[in-house]
Amino acid sequence: MVHSSRRKFNGKKKPHEPRENTWRDDRDAPGNQGYREVLKENEKYWTYYKEQNVFPIEQFDDFRAALQRDLPVSFRFQGCHKDREQLIHEMESRFFGKIMEAGDTAVCVPKSLPWYKEAYQTPMSRTAVRSHPILAQLHNFLVTEAELGNLSRQEAVSMIPPLLLAPTSEHYVLDLCAAPGSKTTQLLEMIHENDENPKGMVIANDVDMKRCYMLIHHTLKRFRTAACAVTCEDAARFPQISDSDGGLIQFDRVLADVICSGDGTLRKNPEIWKKWTPQDGLGLHRMQIAIARKGAQQLKVGGRMVYSTCSMNPIEDEAVVAQLLRDAKGSLKLVDTSKLLPELRRESGVNQWKVFDRDMKLYKSLDDISEEKMKKVIVQSLFPPTEEEAKEMNLHYA
């Protein structure tokens with residue numbers, strides 16, 4: 001692992017992955033004597049997303065209900081494992097038939113994802129899978145195979161960015177914000193899929209030293225390869241890398257899965273229900289642009305970059321992409337990925353959105369800012385593109 005002297009990071013850290021368990025908030029209990037379930041409500045959150053039109057408003061009730069359910073269990077078999085098909089057959093033959101024969105309506109057999117046949121998902125939560133007697137043997141199988149490195153228990157949405165990058169064994173890949181490492185592992189599997197000794201490699205970077213050690217534990221201890229290096233750098237200031245002849249190395253593929261508010265992770269980070277405001281996205285916007293810009297600067301001509309967040313907020317998504325396209329002055333273009341994963345259900349990106357502050361005050365332009373402190377927070381890049389810009393940017397591809 002390589003690290004620089006810049007160990008301190010002035011931005012907001014990406015939160016650690018929480019342990020999957022039953023979440024209770026006991027902070028308000030006198031003397032820590034009692035517990036209460038987390039209230040899965042936040043009126044600012046609901047109002048904000050009603051206003052942003054990131055999905056059809058008639059889907060709002062489904063959207064709300066989905067976020068209030070527990071996170072479903074998902075896992076995928078190692079992409080380059082020589083016995084992958086045999087392991088999948090063993091799982092389905094040993095466990096799926098018995099589960100269906102039991103006739104318990106509370107139990108759902110994992111199903112292969114239509115856009116990723118080696119990955120499976122069940123709407124049951126991890127707690128339910130772990131505690132249900134019919135699923136106990138399947139749970140033990142998944143735990144054992146994960147420890148052996150034959151499968152990864154990974155959230156389904158986390159699998160998408162590496163699939164869109166689609167690196168091959170020839171590619172040099174940069175993962176700018178890599179910890180805890182599930183996407184890094186997936187990228188490594190992909191470059192090894194058709195070649196045990198690939199010519200390419202993955203550089204996995206994270207700004208936090210402890211998270212880098214977590215990255216090494218989750219990735220390289222399970223997937224032993226010489227085709228990976230871990231670095232500890234501020235992603236927005238990631239240095240140019242030179243080869244042995246002094247030439248600059250640029251990357252065929254770049255993943256910028258950036259630090260974000262995480263407001264799409266309510267199902268596994270329930271503390272967000274209590275504290276979320278629009279200010280979270282506003283405060284991270286410029287840092288996200290800086291990381292995305294650095295990722296683009298590291299990219300070869302003809303290369304591919306995926307920018308992703310754990311947020312549905314246009315301030316953290318489309319607004320960042322729009323500013324990156326402005327800065328690029330034609331050297332970057334947003335591409336249509338619908339043909340890459342045709343079975344993946346998706347909504348088109350938006351060209352228009354609204355800028356709210358912590359108290360849900362609406363700003364239509366910089367002219368609406370009266371408070372001095374807000375002039376440092378509300379910047380021009382937060383606002384939607386002009387009609388002329390929108391025609392060129394193709395933000396509906398987001």
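**Entry 1: the pocket lining**

I sorted the lining of the second largest pocket by class and got two nonpolar, four polar and five charged residues. The model I am reading is predicted. Next I looked up the names. The lining includes Gln78, Cys80, His81 and Lys82. His192, Glu193 and Glu196 also belong to the lining. Arg222, Phe223, Arg224 and Thr225 are lining residues as well. I then noted the volume: about 260 Å³ of space lies in this pocket.

**Entry 2: where the pocket sits**

I checked the domain assignment of the protein chain. It gives domain 1 (72-153) and domain 2 (156-397). Why does the second largest pocket lie between the two domains? Both domain 1 and domain 2 give residues to its lining, so the pocket lies between them.

I also looked at how the domains meet. Over C-alpha atoms, the centres of domain 1 and domain 2 are 30 Å apart. In the contact list, 19 residues of domain 1 touch 16 residues of domain 2.

**Entry 3: a sheet**

I traced an open sheet of four strands. Its order is E3-E4-E2-E5, and the pairing is antiparallel. Strand E3 (111-113) and strand E5 (151-152) are the edge strands; each has a single partner strand, so one side of each is left without a neighbour in the sheet.

I followed E3 to its partner. E3 pairs with strand E4 (residues 116-122) in the antiparallel sense, over three bridges. For Lys111, I found the bridge partner Gln121 in E4.

**Entry 4: a helix over the sheet**

Last, I looked up helix H3 (residues 84-102). H3 lies across strand E2 (73-77) and E4. Helix H3 runs at about 30 degrees to E4.

Definitions and conventions. Residues numbered from 1 in each chain as written. Predicted model: local features only at pLDDT ≥ 70, side-chain atom pairs only at ≥ 80, totals over all residues. Heavy atoms only, no water. 1 Å grid on protein atoms, 1.4 Å probe; cavity = no way out; pocket = protein on both sides within 12 Å on 5 of 7 lines; lining within 4 Å. Points joined across faces, edges and corners; volume = space filled by probe spheres on them. Nonpolar A, V, L, I, M, F, W, Y, C, P; charged D, E, K, R; others polar. Domains from an automatic or database assignment. Pairing = 2+ DSSP bridges. Helix = DSSP H or I, 4+ residues; strand = E, 2+ residues; numbered from the N terminus. Contact = heavy atoms within 4.5 Å. Axes fitted to C-alpha atoms, helices over the stretch in contact; angles between N-to-C directions.
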